[in-house]
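Here is a short briefing on one chain. Look at the model first, then read the notes by topic.

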Amino acid sequence: MDLELEQPYEIDVLSAMHLSIRAWNDVQETTISKAFQHAGFTTIIEESQENVSDDMSEDEFLMNELRKRNPLLLEISFQDFLNVDSDVIVRKRYQMNKLLPT
């Protein structure tokens with residue numbers, strides 16, 4: 001609603017898209033950066049105190065890093081960690097004749 005004229009404000013989809021693009025282009029980089037920082041994302045890369053040894057795979061190294069940060073993972077093998085959701089049904093199969101009215 002146009003507040004100044006107190007008349008309904010009508011807009012088509014294309015105009016709405018142009019307005020949203022203009023609004024997005026007005027957002028400053030610092031605003032986006034601060035939002036990510038507020039959410040916990042940083043640009044500082046933490047160096048691990050432990051180097052990857054030749055006999056340790058990258059997967060094992062990453063799992064060890066996860067275990068340091070979450071003590072609950074101490075008893076979970078890497079394979080169990082990978083397969084934690086392997087038996088979860090993510091979609092249901094539908095038959096076309098049951099979807100369409102007869």
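pLDDT is the predictor's confidence in each residue, from 0 to 100. This is a predicted model: local features need pLDDT of at least 70, side-chain atom pairs count only at pLDDT 80 or more, and totals for chains, interfaces and linings use all residues. Residues are numbered from 1 along each chain as its sequence is written, and side-chain values use heavy atoms, with hydrogens and water left out.

**Confidence and fold**
- The chain averages a pLDDT of 77, and 72% of the residues score at least 70.
- Where pLDDT is low, the predicted coordinates should not be read in detail.
- The chain has five helices and zero strands (DSSP runs numbered from the N terminus: helices H or I, at least four residues; strands E, at least two).

**Burial**
- Of the 102 residues, 6% are buried (under 20% relative accessible area; exposed is over 50%, partly exposed in between; 1.4 Å probe, protein chains only).

**Helix α3**
- Helix α3 (residues 58-69) has twelve residues.
- Its buried residues are Phe61, Met63, Glu65 and Arg67.
- These buried residues of α3 pack against α4 (78-82) (contact: heavy atoms within 4.5 Å).

**Salt bridge**
- The whole structure holds one salt bridge (a side-chain nitrogen of Lys or Arg within 4 Å of a carboxyl oxygen of Asp or Glu).
- Lys68 and Glu65 form a salt bridge at 3.2 Å, N to O.
- Both lie in helix α3, three residues apart, about one turn of the helix.
- Lys68 is exposed at 52% relative accessible area, whereas Glu65 is buried at 15%.

Key. Expected span 1.5 Å × (residues − 1).
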